[in-house]
Amino acid sequence: MKQYDAIVIGGGHNGLVTAAYLARAGKSVLVLERQPRVGGAAVTEEIFPGFKFTMFSYVVSLLRPEIIRDLDLPRHGLHILPLESTVTPMENGDYLVAWGDHDETRRELYRHSPRDAEAYDEYGRLMHFMAQAVKPIIGMVPPDPTSFAPGDLAGLLKLGKHFRGLGGERLHALVKLMTMSSADFLDEWFETDVLKATKSASGIIGTFLGPRSPGTAYVLLHHYMGELDGVFRAWGFAKGGTGAVSESIASAARSFGAEIRCDAGVSKVLVRNGRATGVVLENGDELRAKTVVSSLDPRRTFLQLLESSDLPSDFVQDIKRFKFRGSSGKVNLALDSLPSFTCMPGVGRQHRGAFSISPSLDYVERAYDDAKYGEFSRRPYMDIVFPSMIDPAMAPPGKHVMSIFVQYAPYKLNGGWTDAKREAFGDAVVNTVESFAPGFKSKILHRQVITPLDIEKITGLSEGNIFAGELALHQLFFLRPAPGWAKFATPVHGFYQAGSGTHPGGGIMGASGRLAAMRILKDGA
Amino acid sequence: MNYDAIVIGAGANGLTTAHYLARAGKRVLVVEQHQTADPSADIGWVPDAVIRDLGLAGAGLQIETPDPWITAPLPAGGTLELSRHIDRSSEAIRRISPGDAAKWPDFCRRMRTLASVLERLYVVPPPDIETNDVRELARIAGLGLYVRRLGKQTVIDLARILPMSIAELLDDWFESDVLKGLLGALGIWHLKQGPRSGGTSFNFLHHHVGCAAGVFRPARSNVTQALCKVPGVEIRRGARARVLAKNGKATGVVLEQSGETIQAPLVVSSAPPRATLLPLAIELYPDFARDVSNIRARGVVARGTLALEQAPEYATFCIAPSLDYLERAYDDAKYGKDSTAPYVEVQRTDGRVEVHVQFVPLGAHDGLADRVAQLLKVRPNQVALQPAEESLYHGELTLDQILFMRPVPGWSRYRTPIEGLYLCGSGTHPGGGIPGAAGRNAAREIL
Amino acid sequence: MSLRTTPFHPRTGPLSEGQAWRRWAGYVVASSYELSHEREYHAIRNSAALFDVSPLYKYLVTGKDAARLLDHVVTRNVAKARVGQVLYTPWCDNEGKQIDDGTISVLGDQTYRMTSADPTLRWLHLNASGLDVKIQDVSESTAALSLQGPCSREILQLAAERDLASLKYFRLTSAKIRGIPVTISRTGYTGDLGYEVWVDAAQAVPLWDALAETGAPYGITPAGMLALDVARIEAGLLLIEVDYFSSRHALIESQKSSPLELGLGWTIATDKERYNGQAALDAERKRGPAWQFTGLTVDWDSLEQLYADVGLPPRLPSQAWRTSVPIYDRGGRKQLGYATSGGWSPLLKRYMALAHLGSEHAKPGTEVRMEVTVEHRRRQAKAHVTALPFFNPERKRA
């Protein structure tokens with residue numbers, strides 16, 4: 001039987017990145033993916049004939065530039081198109097826009113508050129520094145502060161030095177960003193409520209917290225770290241949807257010799273004498289490898305792929321304690337024509353950017369309140385884009401697709417996610433949009449509603465948590481996914497972990513995939 | 001009369017600083033705005049060093065150690081009473097949840113260990129991580145080593161638990177709603193956050209500081225009274241003072257009502273940092289002034305007294321039937337309203353019966369007394385509540401407002417940009433609920 | 001939505017022959033109206049050039065503590081200034097590093113108009129804590145023109161129908177031009193005889209017409225930013241984002257400059273109470289600034305030789321440049337500093353530059369080398385340190 005150098009379980013973008021780097025280093029690699037196509041939560045599907053839905057994730061920014069370069073992804077079809085603006089319709093018929101151009105944005109903010117217009121520049125500068133300051137942490141293997149090993153101590157010293165080097169103002173800002181709520185953090189800078197609401201919304205993406213909950217300022221920073229062509233905080237849309245991102249990584253991996261098999265779900269990892277020797281597929285086939293990597297989330301990786309006897313009991317407890325509460329939903333629509341928003345009537349350049357349904361902090365906070373007690377938000381927060389406006393190939397000429405990312409839709413819904421509940425959730429979303437864009441409902445040709453339960457069933461992400469484990473301070477860095485096991489290795493020799501459930505966390509980054517590959521290569525697999 | 005130092009505020013911290021300064025030979029005047037001391041503010045751990053150095057035992061310091069330390073009503077009737085003795089508490093808990101009873105001793109032990117780390121941090125000025133001073137860096141390294149020697153579990157606990165929400169922490173350990181409710185209340189004590197908010201576990205540990213293992217309510221004492229009895233400083237009451245400064249130097253204070261100016265080269269304020277510094281804004285660099293005005297001190301507690309026919313049997317009676325109850329009480333406060341179903345705690349102390357009602361954001365409080373009375377099963381006229389004011393702690397105890405971030409990032413060593421003006425109140429490290437600690441730290445920094 | 005146009009745009013728009021516009025503070029202004037800026041430049045030194053300077057940020061500061069606020073922010077002594085005076089001043093952060101520079105016009109006892117290159121509303125508000133002062137952003141409601149050149153006084157006198165000979169340098173007066181109320185200040189960015197005229201935005205177009213008509217017989221010439229750039233270099237005047245960076249925009253410490261390092265030591269009052277950066281500036285003055293801002297004159301023969309070496313006639317920059325150019329010592333190896341603005345002065349027939357040099361090397365007459373790229377190769381031309389300004393005519397202050 002053939003023995004691979006490495007088998008990668010899960011063809012999500014991180015698994016594919018791991019495979020590509022290993023293959024590039026000359027290893028024989030096999031990727032096993034349960035679904036008929038790779039991508040995980042970064043997939044594009046033609047759900048309705050002629051209309052391509054970027055089903056789950058929809059924008060790109062956090063994809064590590066070094067990965068794009070190392071794997072030469074543009075040669076494999078990656079083409080990221082700019083998303084220039086964000087319009088926030090307000091409940092009084094007014095709007096707030098952040099344009100791509102600095103002068104235009106300043107003028108728009110000035111209209112709402114002259115002081116906020118100036119504060120915005122300073123805030124942007126600070127966040128730019130913060131993103132720079134945190135960037136090295138994304139690319140590093142987290143040192144273990146409980147260990148006395150020289151490598152860890154050196155890592156800790158390096159970190160300490162790095163933080164001290166930031167200097168007073170920036171160090172303090174970092175502490176604030178790590179601990180505060182996004183609302184409180186933004187309150188220190190701005191007075192315009194709709195501005196604070198829109199900005200703090202990026203602090204609650206995929207998170208089971210409201211803008212007033214401490215810890216959301218970190219998620220704000222996490223999303224700020226996205227960069228395109230060296231420009232921070234720039235978000236883009238991949239031509240062909242995020243599925244194209246996965247496909248480009250898969251193509252790069254194949255070009256280095258990696259083998260990718262779909263419709264090949266793994267049921268167990270084979271372990272002998274504390275060492276991983278291969279995997280068993282759902283159909284019973286066995287495959288051998290010197291190294292096995294799981295890019296599934298930590299719960300599936302450790303509690304499903306392995307027997308609990310393979311793992312130390314306190315580790316199993318830690319993994320069981322790792323929180324996954326899914327809070328996001330998605331509604332994808334095929335449209336006959338674009339909706340006209342009351343605050344900015346007609347169709348124009350605003351449709352080439354995003355619409356943020358976050359008219360006030362209270363609005364977003366109330367959306368969270370609904371979820372806290374087990375209901376989906378009656379008036380949810382939404383991040384809306386029209387992929388067909390940026391990449392016309394996503395829909396037939398003249399028609400459009402609309403991608404709506406929704407918070408909050410709790411995985412643990414009172415009474416469970418029945419089909420009726422799914423439709424009711426879809427209705428809540430569509431009705432809310434209708435209230436800002438009358439006549440919108442009549443343009444819908446087809447509707448696809450995705451609940452956290454659907455996310456879990458289709459992509460395997462436990463509880464539908466899009467980050468494969470919540471991005472909370474106590475579940476990050478050297479604690480992700482468990483204390484002492486944050487360096488991509490696992491208690492089983494030859495078995496490694498990658499994916500958003502490991503450092504540095506979620507978003508389409510690919511960072512963990514790469515770090516895991518580096519670890520495997522270092523260990524001499 | 002020439003004074004070497006003026007201390008603003010005759011609370012525990014103010015008096016502590018004043019006495020330390022006096023013992024160093026300074027002539028100290030303490031100026032206090034209220035005629036009488038407010039005993040309800042004497043809550044929390046008085047560090048041993050303060051008691052020892054200032055001879056408070058001899059001055060009649062009494063620290064209450066009630067047993068049971070809390071009584072909470074059970075939904076089916078009866079009460080849960082937790083004792084200072086861990087095994088007795090386990091027994092009491094066993095009646096509502098055997099699983100929780102089994103975990104209780106371990107939980108108490110773990111929390112005590114973490115609190116002891118905080119205790120060590122609190123009796124000294126906060127670590128200055130930005131300095132290049134070798135001694136300070138050595139001190140920080142020593143602190144790190146001390147923590148590491150407490151064991152790997154403690155290091156992990158610190159990193160994990162401090163940012164966690166108290167709800168998550170308690171859900172990990174226990175199943176009983178009543179137990180989690182009464183413990184969770186300590187996590188949101190004087191904080192404008194619900195139990196599901198991050199950082200509430202830190203607040204929980206902060207208030208556990210100085211308590212025996214298994215006791216999760218701060219101790220009451222008469223520390224301010226005792227401090228007043230210690231001779232060595234002059235106290236003037238009924239006069240509200242404002243700091244005077246010129247060209248970056250403190251020159252003394254002015255008493256607002258009389259207009260009288262008292263000069264001194266050293267002024268130490270135990271009043272809230274915002275109230276102390278913002279009137280001096282013209283003397284401050286705008287970025288610093290902005291940081292001061294950004295200090296969050298959102299009061300959410302209405303305190304008051306209960307007039308009962310006879311003294312109650314319990315020491316502390318807690319109405320917090322579950323974490324969700326507390327969370328819903330917080331929800332109202334988020335939108336500026338009083339809690340429809342507030343968290344209420346009644347404490348019998350020193351001949352009074354005090355009541356703590358949370359969440360009560362600033363503003364009008366229609367029907368609050370009625371609601372509280374209903375919960376306590378007393379008549380509304382037995383409840384006397386004062387409106388909520390700025391936070392008792394002069395700055396919320398959230399993770400971004402502690403240690404080197406308190407009261408203003410980078411200015412945590414009790415100094416201010418104004419030469420000769422220092423801060424020593426609960427708005428500084430280590431924060432509220434630890435009477436005397438900030439006062440002592442500040443005094444040592446000055447001397 | 002796109003860039004906005006100034007209140008004068010109905011007149012300046014049609015004048016553009018080559019659609020050469022550029023951004024200034026969110027507005028479009030002309031780089032030049034004619035196809036080349038040459039004539040526009042000469043008008044500054046020969047007759048009168050008319051510039052639209054409306055994009056300047058302008059703030060009206062009034063109230064009991066108006067002077068106190070401004071004194072807290074800027075380095076000049078505002079309290080001592082008299083009504084009718086205009087002060088040029090920088091302002092600094094707490095470390096004495098320059099944030100911006102502009103003018104303060106003393107319009108009345110408690111009324112000041114402050115101009116700045118960057119938005120300053122927030123900074124003024126942050127400094128005004130506890131003060132009895134009102135700050136109004138009048139940037140959009142106030143339009144401004146700059147009339148510079150030897151004929152400027154005559155034109156303005158005719159337009160305002162009054163004598164302006166007594167309006168001294170950096171003083172202002174109110175007047176009426178064809179019934180339009182204006183403020184005329186004897187200020188400008190050219191180092192020449194010139195005036196700035198401040199008007200309510202609603203009256204901008206009639207004001208332009210009045211000046212254009214009155215000035216026509218005197219050769220009044222609408223001029224753009226390219227022409228202005230040459231004149232300001234001749235005058236040794238620095239430009240933010242080019243010759244220095246606002247300390248609030250600086251990414252690293254070395255990008256910040258103090259007024260002392262920018263040749264603005266004369267603006268630092270020594271008789272004031274607390275102002276932002278005072279302690280740092282006092283300390284720096286005692287030990288001496290590390291950098292100096294000076295002029296450089298490129299040696300013609302040396303420059304000519306570099307081109308002759310490759311068989312070409314010397315190429316002079318057709319426009320003033322705003323890039324960073326290394327300056328080396330005589331030996332050509334050790335870098336002493338860098339030039340940030342430069343260009344050819346058609347009037348002085350000199351290749352001039354504005355540069356930052358380490359203080360020990362900044363004495364006028366010091367010989368240095370300036371980097372010049374000739375036919376794709378980096379070469380060095382001889383230059384020597386020149387005291388600023390390059391051009392300082394009598395008529396400027398007369």
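Chain C contains 9 helices and 20 strands, where helices (H or I, at least four residues) and strands (E, at least two) are DSSP runs, numbered from the N terminus. Before I continue, please note that this is a predicted model, in which local features need pLDDT of at least 70, side-chain atom pairs count only at pLDDT 80 or more, and totals for chains, interfaces and linings use all residues. Residues are numbered from 1 along each chain as its sequence is written, while chains are lettered from A and ligands numbered from 1 in the order in which they are written.

Let me stay with chain C. Its C-alpha trace spans about 60 × 50 × 45 Å along the principal axes. For 398 residues, a compact globule would have a radius of gyration near 21 Å, and chain C agrees with this at 21 Å; the radius is taken over C-alpha atoms, and the globule rule is 2.2 Å times the number of residues to the power 0.38. Of those 398 residues, 47% count as buried. A residue is buried if 20 or more other C-beta atoms lie within 10 Å of its own, exposed if 12 or fewer, and partly exposed in between, with C-beta atoms placed from the backbone. Among contacts in chain C with a separation of 6 or more, 67% join residues 24 or more positions apart; two residues are in contact if their C-beta atoms, placed from the backbone, lie within 7 Å.

Chain C is divided into domain 1 (7-56 + 139-223), domain 2 (58-138 + 258-287) and domain 3 (291-390), with bounds that come from an automatic or database domain assignment. The centres of domain 2 and domain 3 of chain C, taken over C-alpha atoms, are separated by 34 Å.

Which residues of helix H5 of chain C are buried? In this helix, residues 152-160, they are Ser152(C), Arg153(C), Ile155(C), Leu156(C), Ala159(C) and Ala160(C). They lie on the same side of H5(C), because they cover an arc of only 165° around the axis; the arc is that of the directions from the helix axis to the C-beta atoms. Just after H5(C), Glu161(C) takes a positive phi of about 55°.

I turn now to chain B. This chain has 15 helices and 15 strands, and its C-alpha atoms fill a box of roughly 65 × 55 × 45 Å along the principal axes. With 447 residues, a compact globule would have a radius of gyration near 22 Å, and the 22 Å of chain B agrees. Buried residues make up 53% of the 447. Of the contacts in chain B with a separation of 6 or more, 70% are between residues 24 or more positions apart.

Is Glu313(B) buried or exposed? Glu313(B) counts as exposed, because it has 9 C-beta neighbours inside 10 Å. This residue lies in the loop between strand E10 (301-306) and strand E11 (316-319) of chain B.

Next, the contacts between chains. Chain A places 26 residues in contact with 27 residues of chain B. Helix H6 (168-179) and helix H13 (361-372) of chain A are the elements that give two or more residues to the chain A side, and H6(A) provides the largest share, 6 residues. By class, that side has 9 nonpolar, 7 polar and 10 charged residues. Here Ala, Val, Leu, Ile, Met, Phe, Trp, Tyr, Cys and Pro count as nonpolar, Asp, Glu, Lys and Arg as charged, and the others, Gly among them, as polar. Between chains C and B, 10 residues of chain C are in contact with 11 residues of chain B. The chain C side divides into 2 nonpolar, 6 polar and 2 charged residues.

Chain A is divided into domain 1 (3-42 + 62-79 + 239-322 + 468-522) and domain 2 (122-191 + 202-233), whose C-alpha centres lie 25 Å apart. Each gives 19 residues to the contact between them.

The largest nonpolar core has 165 residues, and those with the most contacts inside it include Ile7(A), Ala19(A) and Ala253(A). Such a core is a set of buried Ala, Val, Leu, Ile, Met, Phe, Trp, Tyr and Cys residues joined through C-beta atoms within 7 Å. Helix H1 (residues 13-24) of chain A gives the largest share of this core, 7 residues. Domain 1 and domain 2 of chain A both contribute residues, so the core lies between them.
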